[in-house]
Amino acid sequence: QVHRDSPPPSSAMQRVGRSAARGMRVGLRFKTDIFGYEVDANTKPTIEAIKAIKEQFDNVGEAIVAAQQKNCPPDPEVYEAALQKISELPTKSAEVPGDQFTAMLDL
């Protein structure tokens with residue numbers, strides 16, 4: 001029951017409600033971010049891209065940024081693969097300051 005004095009629902013809440021209703025209606029599983037927007041939950045290509053890095057450990061962060069630009073936020077498995085790869089690779093590019101520990105903290 002809605003009280004007369006309560007504010008109208010925010011547009012973000014309306015969007016979440018519509019998104020959830022649409023997902024239930026068609027029987028799809030989906031993932032949403034904290035604002036209610038649907039995001040790609042397939043992180044396998046990101047993990048594979050991280051594991052394929054052979055040279056500089058600061059390229060790991062670039063792989064995560066590329067995934068985020070494709071609307072695929074990292075999950076714990078992505079961070080685990082990233083930390084593992086950073087710990088394995090001994091070199092970094094000359095223009096990026098810091099060491100492996102700093103790169104891990106940047107994640």
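**The second largest pocket**

Tutor: Gladly! This is a predicted model, and in it the second largest pocket has a volume of about 150 Å³. As a general point, rolling a probe the size of a water molecule over the atoms shows where empty space is left.

The lining of the second largest pocket consists of D40, N42, P45, T46, A49, A63, A66, A67, K70 and C72. Two helices take part: α2 (44-51) and α3 (59-69) each supply at least two residues of this lining.

Now to another place in the chain. Helix α4 spans residues 76-88, and E77 lies in it. The C-alpha atoms of E77 and I47 are separated by 7.7 Å, although these residues are 30 apart along the chain. As for solvent, E77 has 44% relative accessibility and therefore counts as partly exposed, since that class lies between the 20% and 50% cut-offs.

Finally, have a look at the surface. There, I34, F35 and Y37 form a nonpolar patch, and their accessible area together is about 390 Å². Of these, I34 sits in the loop between β1 (31-32) and β2 (38-39). The relative accessible area of I34 is 77%, so I34 is exposed, the cut-off for that class being over 50%.

How values were computed: Residues numbered from 1 in each chain as written. Predicted model: local features only at pLDDT ≥ 70, side-chain atom pairs only at ≥ 80, totals over all residues. Heavy atoms only, no water. Helix = DSSP H or I, 4+ residues; strand = E, 2+ residues; numbered from the N terminus. Buried < 20%, exposed > 50% of the residue type's maximum accessible area, 1.4 Å probe, protein only. Patch = residues over 30% accessible without salt bridge, like charges linked within 9 Å, V, L, I, M, F, W, Y side chains within 5 Å. Areas by Shrake-Rupley, 256 points an atom, 1.4 Å probe, with all protein chains shown as cover. Salt bridge = Lys/Arg side-chain N within 4 Å of Asp/Glu carboxyl O. 1 Å grid on protein atoms, 1.4 Å probe; cavity = no way out; pocket = protein on both sides within 12 Å on 5 of 7 lines; lining within 4 Å. Points joined across faces, edges and corners; volume = space filled by probe spheres on them.
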